[in-house]
Amino acid sequence: MHELAICQALIAEVENIARPRGAWVKEIYVAIGPLSGIEPQLLAAAYPLACAGTSADGARLAIERTELRLRCRRCGAESTAEPNRLLCGACGDWQTDLLSGDEMMLLRVELEVPEATFEVPHV
Amino acid sequence: MCETCGCTVTASRVKEAATVEVLSRLLDANDRAAAHNRAHFDAYGVLALNLMSSPGAGKTSLLEATIEAVKDEFRIAVIEGDLETDNDARRIRARGVPVVQITTGSACHLDAHMVHDALHAMPLAGLDVLFIENVGNLVCPASFDLGQHRRITLLSMTEGDDKPAKYPVIFRTAELVLLTKMDLAPFMDDFDPERAEQAVRALANAAPVIAVSARKAMNLEKWLDWLRGEIAAVRARRGDGRIPLGHHHDHSSTMAR
């Protein structure tokens with residue numbers, strides 16, 4: 001299972017964003033395609049281990065599953081496909097280009113940033 | 001100011017939500033390290049090949065047969081990745097070829113950082129080709145760029161010709177598919193090399209599919225011709241821009257884990 005290694009890489013990237021801002025991470029948005037080689041369920045299972053003790057500890061991981069889309073080089077049609085049958089949905093030719101489906105992207109991070117610290121008079 | 005309850009420290013901190021758009025690959029750090037490795041290989045004009053397959057498909061046997069066939073033609077080196085033991089490294093070393101063993105422990109794949117560490121023990125000057133034998137696994141190695149020029153996926157005749165359909169990620173991005181142990185073909189009537197090739201094409205992959213037997217040295221010439229072509233291509237790209245020995249570029253940013 002390489003999802004833990006990938007999750008640790010993800011948390012490292014997120015920490016690089018959060019730490020200089022002194023921020024806590026609230027939510028992490030990633031996009032995973034069916035041809036990325038990452039199993040979203042395994043990524044979600046590895047996530048609590050990877051974020052424990054980091055500034056992302058307790059943050060929600062939102063996984064967007066992208067659709068597999070391809071374009072036929074021969075007839076130009078765009079279609080969806082199964083990960084192990086990347087054939088044109090229109091003419092059936094195998095010479096297709098992947099438009100989407102191999103993503104493993106960190107999309108964005110929602111942070112809680114301390115803006116300022118000031119003293120409140122004691123009452 | 002309250003000196004006792006500490007309220008000035010916590011209660012007054014104003015928090016603000018902020019959204020940071022990122023749009024980077026999850027393996028950005030690995031990709032940067034891979035690009036760095038590739039720059040090393042290119043600087044020395046060394047072809048780097050990432051060999052991937054399930055355990056026991058014959059990666060080490062292929063290397064042994066290849067070394068035997070072209071040891072007078074090319075200078076070869078090998079990086080061996082295994083969870084445990086240096087058995088494969090010893091087999092390669094016995095052929096008189098420099099080899100660095102990476103023992104990954106429990107890690108099921110090599111990554112670009114591990115390969116970079118190995119490169120510190122592997123002088124690239126004068127080499128023609130570096131084989132990186134990945135951990136035997138058809139899943140995890142597929143996701144990690146090592147900085148290789150070409151990915152080679154091996155499929156042995158004992159595994160079944162539908163493996164590309166079962167493990168599409170590793171076969172889709174292969175730039176050469178080697179069907180190994182073809183000497184066993186007479187006993188493997190359920191393995192049809194044609195069907196195996198069709199399964200690769202169904203992944204929209206036009207990579208050459210070559211059947212070989214390392215042990216019986218069958219049909220090796222086609223594979224060796226492919227290898228010669230790739231070595232020549234990398235050598236041609238090198239030009240005169242050789243980086244002198246040693247590390248003259250910054251490692252701090254690219255190698256941060």
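Before I show the helices, one definition: an axis here is a line fitted to C-alpha atoms, for a helix over the stretch in contact, and the angle runs from 0 to 180 degrees between N-to-C directions. Keep in mind that this is a predicted model.

So, chain B. Take helix α3, residues 59-70, and helix α9, residues 220-238. How do their axes cross? At roughly 75°, coming within 11 Å. Angles of 65 to 115 degrees count as roughly perpendicular. α3(B) and α9(B) are therefore roughly perpendicular to each other.

Who meets whom? From α3(B) we have B:L62, B:A65, B:T66, B:A69 and B:V70. Facing them from α9(B) are B:L220, B:W223, B:L224, B:L227 and B:R228. By class, that contact has eight nonpolar residues, one polar and one charged.

Staying in chain B, look at B:D31. This residue sits in helix α2, residues 28-44. Set aside the neighbours within four places in sequence, and B:D31 is in contact with B:R25 and B:D145. With B:R25 there is a polar contact, side chain to side chain, at 2.5 Å. For a sense of distance, take B:E221. It is 190 residues from B:D31 in sequence, and the two C-alpha atoms are 33 Å apart in space.

Now the interface. On the chain A side, 42 residues are in contact with 39 residues of chain B. Together the two chains bury about 3700 Å². Of that area, 62% is on carbon and sulfur atoms.

A:D102 forms a salt bridge with B:R172, with the closest N and O atoms 3.6 Å apart.

Which elements of chain A give two or more residues to the side that touches chain B? α1 (3-18), β1 (24-32), β5 (96-100) and β6 (104-116). The largest share comes from β6(A), with 13 residues. By class, the chain A side divides into 26 nonpolar, seven polar and nine charged residues.

Notes: Residues numbered from 1 in each chain as written. Chains lettered and ligands numbered in written order. Predicted model: local features only at pLDDT ≥ 70, side-chain atom pairs only at ≥ 80, totals over all residues. Heavy atoms only, no water. Contact = heavy atoms within 4.5 Å. Buried area = accessible area lost by both parts, 1.4 Å probe. Salt bridge = Lys/Arg side-chain N within 4 Å of Asp/Glu carboxyl O. Helix = DSSP H or I, 4+ residues; strand = E, 2+ residues; numbered from the N terminus. Nonpolar A, V, L, I, M, F, W, Y, C, P; charged D, E, K, R; others polar. Parallel < 35°, antiparallel > 145°, perpendicular 65-115°, else oblique. Polar contact = N/O pair within 3.5 Å; in protein donor to acceptor, adjacent residues only side chain to side chain.
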